[in-house]
Amino acid sequence: MKHPGTGCLTGCRDVRTLRGMTIDVEHLSLRELNALVTAAEQRRALVASRRPVAVVRRKLIAFAAQCGYTIEELIGAAPAEAAAPVRKPATRRKAGKVAAKYRDPDNKRNTWSGRGRMPRWLAEKTKHGRSPADFLIPGLGRSDVRKSSAIGQRTVFKQS
């Protein structure tokens, strides 16, 4: 019986799907092992018969130059050996950890450093009229929380 979409008999796996995967040879049947060995020998023969990439590349560059072209004109990209190293895009540095400045008196595990969005527990309590300064951990400084709406409020204060 043949598997649909593959050219092998029952118990045989499609060798092309094994690329990039580790093969557990302990669980393969004799037919699967023979198919694997045959495919590996064919691949080895193909790879061994090919010329090295560098040799082919040099011949292509020489042939293009003989015809009056450059590889960049023909292919549209620089050859791999002449290409500049590709730089990774800059990654944003992760902010360092900061000690908690605010603590929920009802649940001591709820803390907030004052960075990022205000946590739900603090937003809920400030919605009911309390100030974020009420939840400051003693001895850690003053509140840096800004009010959520700046409409109609002065944003610049005169120093006297």
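Guide: A salt bridge is a side-chain nitrogen of Lys or Arg within 4 Å of a carboxyl oxygen of Asp or Glu, and by that rule the structure holds 3 of them. This is a predicted model, in which local features need pLDDT of at least 70 and side-chain atom pairs count only at pLDDT 80 or more, while totals for chains, interfaces and linings use all residues. Residues are numbered from 1 along each chain as its sequence is written, and side-chain values use heavy atoms, with hydrogens and water left out.

Visitor: What makes the contact of Lys-125 with Asp-104 a salt bridge?

Guide: The closest N and O atoms of Lys-125 and Asp-104 are 2.9 Å apart, which is within 4 Å, so the pair is called a salt bridge. Lys-125 lies in helix α4 (residues 120-127) and Asp-104 in the loop between β1 (102-103) and β2 (111-112), so this pair ties together parts that are 21 residues apart in sequence. Those names follow a rule in which helices (H or I, at least four residues) and strands (E, at least two) are DSSP runs, numbered from the N terminus.

Visitor: Why do Lys-125 and Asp-104 count as buried?

Guide: A residue is buried under 20% relative accessible area, exposed over 50%, and partly exposed in between, with a 1.4 Å probe and protein chains only. Lys-125 has 16% relative accessibility and Asp-104 has 4%; both values are under 20%, and therefore both residues are called buried.

Visitor: Which residues are linked with Lys-125 in a network of salt bridges?

Guide: The network links Asp-104, Asp-106 and Lys-125. The side chains of Asp-106 and Lys-125 meet at 2.4 Å, N to O, and because Asp-106 lies in the loop between β1 and β2 while Lys-125 is in helix α4, this pair ties together parts that are 19 residues apart in sequence.

Visitor: Is Asp-106 buried or exposed, and how do you know?

Guide: Asp-106 has a relative accessible area of 66%, which is over 50%, so Asp-106 is called exposed. The C-alpha atoms of Asp-106 and Trp-121 are 9.9 Å apart in space, although these residues are 15 apart in sequence.

Visitor: What makes Glu-124 and Lys-127 a salt bridge?

Guide: The closest N and O atoms of Glu-124 and Lys-127 are 3.8 Å apart, which is still within 4 Å, so the pair qualifies. Because they are 3 residues apart in helix α4, Glu-124 and Lys-127 are separated by about one helical turn. Glu-124, at 39%, is partly exposed, whereas Lys-127, at 60%, counts as exposed.

Visitor: Which residues make the nonpolar surface patch?

Guide: Tyr-69, Leu-74 and Ile-75 make a nonpolar surface patch of about 340 Å², and Leu-74 is found in helix α3 (residues 71-75). Patches are made of residues with over 30% relative accessible area and no salt bridge, like charges being joined within 9 Å and nonpolar side chains (Val, Leu, Ile, Met, Phe, Trp, Tyr) within 5 Å. Accessible areas come from the Shrake-Rupley method with a 1.4 Å probe, and for residues only the protein chains shown count as cover.

Visitor: How do you know that the span of helix α2 agrees with what it should be?

Guide: The expected span of a helix is 1.5 Å times one less than its number of residues. For the 14 residues of helix α2 (residues 53-66) this gives 20 Å, and the end C-alpha atoms are 20 Å apart, which agrees. After α2 comes Gly-68, whose phi is positive, near 95 degrees.

Visitor: What is the pattern of the protein along the sequence?

Guide: The protein has 4 helices and 2 strands, and along the sequence the pattern is α-α-α-β-β-α. Buried residues make up 14% of the 160 residues.

Visitor: Which elements have the lowest and the highest mean pLDDT?

Guide: pLDDT is the predictor's confidence in each residue, from 0 to 100; among the elements, α3 has the lowest mean (82) and helix α1 (residues 30-49) the highest (91). Over residues 1-12 the pLDDT is below 50, and beyond near neighbours in sequence this stretch has 18 contacts in the model, a contact being heavy atoms within 4.5 Å. The protein as a whole averages a pLDDT of 76, with 68% of the residues scoring at least 70.
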